[in-house]
Amino acid sequence: MKKYGVNELRKIFLEYFESKDHLAMKSFSLVPHNDKSLLLINSGMAPLKPYFTGQEIPPNKRMVTCQKCIRTGDIDNVGKTARHGTFFEMLGNFSFGDYFKKESLAWTWEFLTEVIGLEPDRLYPSVYLDDDEAWDIWNKEIGITPERIFRFGKEDNFWEHGVGPCGPCSEVYYDRGEKYGCGNPDCTVGCDCDRYMEIWNNVFTQFDNDGNNNYTELEKKNIDTGMGLERLACVVQEVESMFDIDTIKELREHVCKMANAEYGKDYDTDVSIRVITDHIRSVSFMISDGIMPSNEGRGYVLRRLLRRACRHGRLLGISGEFLVELSKTVIKGSKDGYPELEEKQDFIFKVVAKEEEQFNKTIDQGLSILADMEAAMARENVKILSGDHAFKLYDTYGFPFDLTKEILEEKGLGVDDEGFQAAMEVQRTTARAAREQTNYMGADETVYESIDPAITSEFVGYDHLTYDSKITVLTTENEVVDALSDGQAGTIFAEQTPFYATSGGQEADTGYIRTADGEFAVKDTIKLLGGKIGHVGQMVRGMLKIGDTVTLEVEAEKRALSARNHSATHLLQKALRLVLGTHVEQAGSSVNDVRLRFDFTHFSAMTAEEIKQVEEIVNKNIIAALPVTAENMPLDVARKTGAAALFGEKYGDIVRVVSMGDFSKELCGGTHVSNTGVITVFKIISETGVAAGVRRIEALTSKGLMEYYNHLEETLAEAARAVKSSPEQLTDRITVMLSENKALHSEVESLRSKLAQEAVGDVMEQVILVGDVKLLAIKVDGVDMNGLRELGDQLKEKLGDGVIVIASAADGKVNLMTTATEGAVKQGAHAGNLIKAIAGEVGGGGGGRPNMAQAGGKNPAGIDKALAKSKEILAGQISG
Ligand SMILES: [Zn+2]
Ligand SMILES: [Zn+2]
């Protein structure tokens, strides 16, 4: 048997099924498309779901893929054994109502024995208990002797998810030899040990379960198979685990070299080596699909894997940041099958480096706080860290919860999981409420699922704004109907349409659908599975029926304005890459007739200079009136031209490339201007951060920008009128006003203290001695707190060492102020306590420092009493 490498095996598999008339598709993104039930793609079948359910018609009835997958169900076990990993590749051949068991099993056998050259004597098929059909194929057609075919029950060999399509499976096991066995005399296929390894699973989607376990035969039967590429490589390369196969071993050895460690010598060391080796693969692939570290959803999975790898690097004694170097080895090993890794490598390195650096900072801080918490637990003889403490570590210090858990577990301690989750939930609810508000169309969309999947719509809107076509489907908000009449809301589908549905960030067209007998106002246009374009809106007159030939008319001005903003977005993306660097990737966009919004990856706020440069580049290319052209081509060809593609977007095999002269080339299905000159002018209105590493630009062109300036102009004119000036002279006028204001202010200040002094008169006569301390307690009129403080300072100069108490009644309120000089304080005086004790007399409260305090009150009548009392209190202070 030839010891094929991972990259060879992948290629051989795809080519073999291509020779059996299968369409070989590139791996789909790890980010599920149109599937909210899944965080990350976890099987070869997952991205093909709409083809299996019939919601979408597959491009070919036979398909073959090698799908990148991530499973995070048991992250905690990854590393502990060599069996678990988060990242793996799944080989699979699929039939959508085409071939069935007979062909699939024959090909399985032929591939394993003849193409790869596995020894037939080591292979054991299994079938579902009742599946005689599969048993017969293995026995009679393929020629496996009965004692080598195993029958297993529902648990192992029946694929089912409640209601809906389901069916039996047939697996192939490979005998890896006695050295992997458990030694038990009963050891055979199905044993839990490592000897008989399941390598390939054929799922026969044959039945429909009505929910009560009544199975009816499906009319269209499907085949869905899965074979882990890493497992196959283990067998072919005759190695122990996935960590020993060619590309992964190279990565593992790179980790060992960095840690100056040897694999297979020490259990704990091996755990860390495996964790890092596995996680850096997931991390590199996730980032190449546009996932960014965050505290939610798949971003959190990424962050967790990255941080876990960091931490195990520390455990191995690797100093400094090391993950970028490992990521290079991942890319080197896998770029053959996944060119996106190499294309996005600079970006991957940047994200990894940033996150690792940030984590190293937080971890040092978190570790020391956790150590304090542990010490407190030991003192109190507590074994479980409270949920609130764990949440504080997480929320305030960014220290990951699973790390807290792991570190405590290593020391035989625990953490209150539920308490932590409860604290977390409180925080999440707020975020969720905010998010849900932005959800598009709350309407019940299940009505669309009952539409015949064979119906599609052709988009003719690149060349037409008005088009005549035939109505194929009509729905109200909750059912498919034959006609819509006056006032009814619903959705119209037609054979062809010039209406652009919201996609690729461009908002939908609006307009009208008409005949002589009826008219429907289109408020929104949506794209559904299977290429259906729905016009959502309401009948404004008459009636429309299935089969009617209607005129579909797009609102032209709105479309034209959206096109300007969309085309400007392309120029913007290119300009950003020129000014900021090639790490800039589109992270989302939103374009309508009013404005454009563009989110992109970048790690700091743009400077004013950078923003200006970007604006200049965009405007230069608008003035150049570059021709805008669109061309359809195969995805591979488009990639070679360097066309920018959106991360994680699902593209078909044929893509549309929009070019603007030689300046910009992007994969895009949107509608554009005919030449960039039509955009007229471009201006960035704001640049802000929306998430870690993601910036957002909002900008305007043409009409939107004119309106913006008109509004600014009005505001300016209004401001000028308010100060009796003109916009041109507004700055001068404001400068003059500011200096006048300053002069007035200082005049007021000096008048105020002059007044206060006059009000007091020659107050020094009122100084009395309390013990050795001079006390001046006086009443003034109409002075506010600022005035009192100023007056206090002046009096202090005259008085020398001592205590001053001033009370003032102003607007029915009382202001009280006390100061005590250093010498007085030394003798026991305390301004804060004094004021506290007397403020009650004026119906208020207050306090302050020993040398200075103030208070307010509501009862001017009590001022005399308060002042008299101050003598008493001071006497108490200096004698005590
Ligand atoms: Zn065994
Ligand atoms: Zn575009």
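# Reading strands, rings and contacts

Analyst: Start with one residue pair: Thr629 stands opposite Ser659, which is in β25. Strands (E, at least two residues) and helices (H or I, at least four) are DSSP runs, numbered from the N terminus. Two strands pair if DSSP finds at least two bridges between them. This is a predicted model, in which local features need pLDDT of at least 70 and side-chain atom pairs count only at pLDDT 80 or more, while totals for chains, interfaces and linings use all residues. Residues are numbered from 1 along each chain as its sequence is written, chains are lettered from A and ligands numbered from 1 in the order in which they are written, and side-chain values use heavy atoms, with hydrogens and water left out.

User: How many bridges join strand β24 to β25?

Analyst: Seven bridges link β24 (residues 628–634) with β25, and the two strands run antiparallel. On the other pairing, β25 and β26 (residues 664–667) are antiparallel over four bridges. Val657 has Leu667 in β26 as its bridge partner. β25 and β26 also make a hairpin with three residues between them. In that turn, Gly661 has a positive phi of about 50 degrees.

User: In what order do the three strands form an open sheet?

Analyst: The order is β24-β25-β26, with antiparallel pairing. β24 and β26 are the edge strands, each with a single partner, so one side of each has no neighbour in the sheet. From one strand to the next the twist averages 25 degrees. Angles run from 0 to 180 degrees between N-to-C directions, and axes are lines fitted to C-alpha atoms, for helices over the stretch in contact.

User: How many of the seven residues of strand β25 are buried?

Analyst: Buried means under 20% relative accessible area, exposed over 50%, and partly exposed in between (1.4 Å probe, protein chains only). Six of the seven residues of β25 (residues 654–660) are buried, so the strand is largely enclosed by the rest of the structure.

User: Which strands make up the open sheet of six strands?

Analyst: Its order is β29-β30-β31-β32-β34-β33, and the pairing is mixed. The edges are β29 (768–770) and β33 (845–848), each with a single partner strand, so one side of each is left without a neighbour in the sheet. Here the twist averages 20 degrees from one strand to the next. β29 and β30 (residues 773–781) run antiparallel and are joined by three bridges. Ile768 stands opposite Leu775 in β30.

User: Which strands does helix α21 lie across?

Analyst: Helix α21 (residues 785–799) lies across β30, β31 (803–810), β32 (813–820) and β34 (852–857), at about 150 degrees to β31. Helix α24 (residues 863–879) lies across β29, β30, β31 and β32, at about 165 degrees to β30. Contact means heavy atoms within 4.5 Å.

User: Which residues does Lys779 touch?

Analyst: Lys779 belongs to strand β30 and is partly exposed, at 45% relative accessibility. Leaving out residues up to four places away in sequence, Lys779 touches Ala807, Ile863, Asp864 and Leu867. Lys779 and Ala807 are 28 residues apart in sequence, yet 4.9 Å apart in space, C-alpha to C-alpha.

User: How many aromatic pairs does a search of the whole structure find?

Analyst: Rings of Phe, Tyr and Trp (its six-membered ring) pair if their centres lie within 6.5 Å; planes under 30 degrees apart count as stacked, over 60 as edge-to-face and the rest as tilted. The search finds 32 aromatic pairs. In one of them, Tyr99 and Trp107 are edge-to-face, 4.7 Å centre to centre with 80 degrees between the planes. Tyr99 and Trp107 are both buried. In another, the ring centres of Tyr394 and Phe420 are 5.7 Å apart and the planes stand at 80 degrees, so this pair is edge-to-face. Tyr394 is in helix α13 (residues 387–397) and Phe420 in helix α15 (residues 417–436), so the pair ties together parts that are 26 residues apart in sequence. Tyr394 is buried at 11% relative accessible area, and Phe420 is buried at 3%.

User: Which residues form one aromatic cluster?

Analyst: Phe13, Tyr16, Phe17, Tyr99, Trp107, Phe111 and Trp200 do.

User: Which residue lies over the face of Tyr462?

Analyst: A charge sits over a ring if NZ of Lys or CZ of Arg is within 6 Å of the ring centre and within 35 degrees of the ring normal. Arg656 lies over the face of Tyr462, at 3.4 Å from the ring centre. Lys328 lies over Phe349 in this way, at 5.6 Å from the ring centre.

User: How many disulfides does the structure hold?

Analyst: A disulfide is counted when two cysteine sulfur atoms lie within 2.5 Å. The structure holds zero disulfides. Cys187 is buried at 15% relative accessibility, and Cys193 is buried at 15%.
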